[in-house]
Amino acid sequence: MHLQLDGNGPLHAQLTRALKAAMRSGLVAGSRLPATRQLARELGMSRNTVMAAYEQLRAEGFIEGRVGSGSYIAASLPRARPPAQPVEGSIAPQSAFARRMRECHQGFGGVVAEGVLHAFQCGEPMTNPMLTTVWARELSRAAQYTAPGYAPIRGLPALREATCDYLARRRGVHARPEDVLIVAGTQQAIALIADVLVDPGDLVAIEEPHYPAIRKVLQSHGARMHTTTVDHEGLVCAALPEGGAKLVCVTPSHQFPTGAVMSLQRRMELLDYASRHDAWIFEDDYDGEFRYDGKPLAALRSLDDHNRVIYVGTFSKAVSPTIRLGYLIMPPQLQRDFTSAKWMSDFSSPGVEQAALAQFIDNGGFERHLRRSAQVLKERRRVLIDGLRACGRGRLLIEDSRAGMHFVVWFPGRSDAEVATLVEHARRARLGLYSIAPLYLRPCGRAGLVMGYGGMSVAEIEQALVLFERCLDEIFPVSAKPLPRRPAQRPTRRSRHGRSRASSGSR
Ligand SMILES: Cc1ncc(COP(=O)(O)O)c(C=O)c1O
């Protein structure tokens with residue numbers, strides 16, 4: 001019998017109250033109570049205490065004794081009505097923040113649909129059993145020597161130093177350990193950026209299309225969003241708000257989701273815009289470590305002479321989103337505010353995971369893992385692109401970005417509604433497809449899919465392609481609607497690998 005004692009007053013009185021509550025809420029009238037000896041043993045109290053409680057309940061008419069056959073709950077005892085269970089979201093928002101959150105965040109999209117066999121889901125981590133083994137070893141080692149207190153607010157010095165070394169080697173970013181703030185992924189980084197920089201009504205420029213999770217955090221802080229076109233050179237700086245924005249959010253190394261790499265010219269224009277308008281730039285370098293054609297381009301932060309760029313990287317793609325670790329390189333003039341915001345949010349990120357990661361970077365395991373992963377991802381990408389080319393037969397255009405774990409496939413001449421039908425049809429065939437439409441704040445006039453392949457093996461990609469082709473044939477039969485001519489399209493380029501590359505124009 002589960003009884004909750006309230007800790008107030010003598011034990012027999014506590015037991016009396018607990019038994020009354022149990023009888024009211026759940027026990028059936030007329031049913032037998034446990035024998036006093038048994039209940040005393042279960043609760044670890046004396047039998048006299050239990051007998052005193054039963055005596056009191058009998059005196060108040062809650063229980064009836066039948067000589068020789070124990071104590072029974074009174075047949076006449078009215079049962080309390082269980083309290084009504086509030087319906088989710090049935091209350092008006094209790095704060096302006098909650099109201100804004102409800103307005104901008106209707107659902108947790110992008111989750112793998114139930115019952116799906118394969119899903120081309122973006123954001124899925126790369127499956128790698130070897131990493132699991134190595135990570136388990138690093139964690140258990142770190143658990144043994146990590147101090148049990150709270151980690152420092154900005155992060156463990158060892159991880160901040162390892163991050164600086166890594167960024168200098170791989171991303172051309174030169175930062176000091178004191179510039180680094182270890183955060184719970186990009187998602188916490190943008191929340192802290194919003195805390196430190198954004199007041200309700202402030203204008204924030206984001207790329208269109210973009211990663212909605214970031215936009216929603218900004219909107220829930222009351223930011224006004226200015227969507228800015230991207231083309232094959234990344235963000236179109238001429239389309240930024242003329243009067244200046246407080247903050248510009250960009251993914252220059254690998255535009256999300258189109259994959260465009262921001263040209264040097266545009267990078268310089270953006271930095272110039274920031275210094276002319278006193279704007280801040282949030283550089284989201286979410287998967288800059290995976291490039292398949294040569295050296296990754298240095299980060300935008302490496303060109304920033306005026307300390308306007310807030311550079312953010314994450315270990316979600318390179319290791320796993322489950323560790324919830326990333327870093328924010330703070331401009332010196334904002335360090336105090338960012339450190340306070342982090343303290344307000346969660347004091348600090350978990351120490352054991354930080355120590356394990358620092359060790360993983362220092363002993364070279366991390367970069368070895370990145371090199372191997374890049375090979376694996378390159379092969380997965382090749383198989384997917386070849387498969388899509390083979391089954392597309394003029395129905396789709398691949399926006400073949402040469403980095404990360406996803407790319408975009410456009411369906412020229414098709415509408416969002418038609419692509420939604422394809423997605424729904426695929427779901428019924430147990431294939432997860434993801435429309436690009438939710439990554440736009442405003443309708444864009446082009447329909448497409450974001451194809452994530454990081455979490456699928458080559459064999460899974462091949463099986464998924466069979467399902468994909470079947471769905472494509474059923475929903476967009478080859479003869480039903482030929483590809484319209486697109487005069488605005490740039491000429492097709494031949495890549496080093498002999499594959500053609502289609503790029504989008506300005507949207
Ligand atoms: C554009 C972009 N930024 C950041 C992230 C990673 O977020 P986090 O570090 O919070 O896991 C993702 C994940 O898919 C992303 O697509």
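1. In the ligand site, an N or O atom in the side chain of S316 lies 2.6 Å from an oxygen atom of the ligand. T314 likewise places a polar side-chain atom 2.6 Å from a ligand oxygen, and a side-chain N or O atom of D284 is 2.7 Å from a ligand nitrogen. The protein buries 93% of the 400 Å² that the ligand exposes when taken alone (Shrake-Rupley areas, 1.4 Å probe).

2. The model is predicted: local features require pLDDT of at least 70 and side-chain atom pairs pLDDT 80 or more, while totals for chains, interfaces and linings use all residues. Residues are numbered from 1 along each chain as its sequence is written, and side-chain values use heavy atoms, without hydrogens and water.

3. The residues around the ligand (a heavy atom within 4 Å) include G123, Y211, F256, Y286, K317 and R324. By class, this shell holds three nonpolar, six polar and three charged residues, with Gly counted as polar. Helix α7 (residues 185-197) gives the most to the shell, namely three residues; helices are DSSP runs of H or I with at least four residues.

4. M344 belongs to helix α10 (residues 335-346). Its relative accessible area is 64%, so M344 is classed as exposed (over 50%).

Conventions. Helices (H or I, at least four residues) and strands (E, at least two) are DSSP runs, numbered from the N terminus. Buried means under 20% relative accessible area, exposed over 50%, partly exposed in between (1.4 Å probe, protein chains only). A polar contact is a pair of N or O atoms within 3.5 Å; within protein, one must be able to donate a hydrogen and the other to accept it, and residues adjacent in sequence count only if both atoms are side-chain atoms.
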